[in-house]
Amino acid sequence: MAVKLPRENWPDDRLDELNRKVDKGFEKVDEGFEKVDERFDLARAEMKSEVGQLRGEMNGRLEAVDGRFDHLDKKIDRLTYYLLAASVAIIAALIRSGAF
């Protein structure tokens, strides 16, 4: 008694039909992936646009912060100058008065 292999149980027309069904299934899968790719491309473009807007906003705010630090630096420089000038004046006054 010979054992029949599965291929021997299937006529060629049934195998052709199965082959067509498999091909149609893969076509549907390919279409699905194309739709997913389109959605990812759209989402990527939207994200790129939003990131560009955020960078613009951040740069504007950083420039404002830089301006504030520049203003603060000038105030500290002036304060240092006034403290130095006051120290020199006090030392000069003490020297004139004979305290040294």
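Let me begin with accessibility: buried means under 20% relative accessible area, exposed means over 50%, and partly exposed lies in between, with a 1.4 Å probe and protein chains only. By that definition R44 is exposed, at a relative accessible area of 53%.

The structure before you is a predicted model, in which local features need pLDDT of at least 70 and side-chain atom pairs count only at pLDDT 80 or more, while totals for chains, interfaces and linings use all residues. Residues are numbered from 1 along each chain as its sequence is written, and side-chain values use heavy atoms, with hydrogens and water left out.

I turn to the overall architecture. The protein has 2 helices and 0 strands; both terms refer to DSSP runs numbered from the N terminus, H or I of at least four residues for helices and E of at least two for strands. Of its 100 residues, 0% count as buried.

Helix α2 covers residues 12-97. How far apart are the end C-alpha atoms of α2? They are 123 Å apart, which agrees with the 128 Å that its 86 residues should span at 1.5 Å a residue. The expected span here is 1.5 Å times one less than the number of residues.

Next, the charged pairs. A salt bridge requires a side-chain nitrogen of Lys or Arg within 4 Å of a carboxyl oxygen of Asp or Glu, and a search of the whole structure finds 2. One joins E17 and K21, at 3.5 Å from N to O. These residues are 4 apart in α2, and therefore separated by about one helical turn. E17 is partly exposed at 37%, whereas K21 is exposed at 54%. The other salt bridge links D41 with R44, with the closest N and O atoms 3.0 Å apart. Here the spacing is 3 residues, about one turn, again within α2. D41 is partly exposed, with a relative accessible area of 43%.

There is also a nonpolar surface patch, formed by L18, V22, F26, V29 and F33, with about 470 Å² of accessible area together. Patches take residues with over 30% relative accessible area and no salt bridge, joining like charges within 9 Å and nonpolar side chains (Val, Leu, Ile, Met, Phe, Trp, Tyr) within 5 Å. Among its members, V29 lies in α2 and is partly exposed at 41%.

Finally, the end of the helix. S97 belongs to α2 and is exposed, at 55% relative accessible area. Its side chain reaches the backbone oxygen of L94 at 3.0 Å. After α2 comes G98, with a positive phi near 90°.

How values were computed:
Areas by Shrake-Rupley, 256 points an atom, 1.4 Å probe, with all protein chains shown as cover. Polar contact = N/O pair within 3.5 Å; in protein donor to acceptor, adjacent residues only side chain to side chain.
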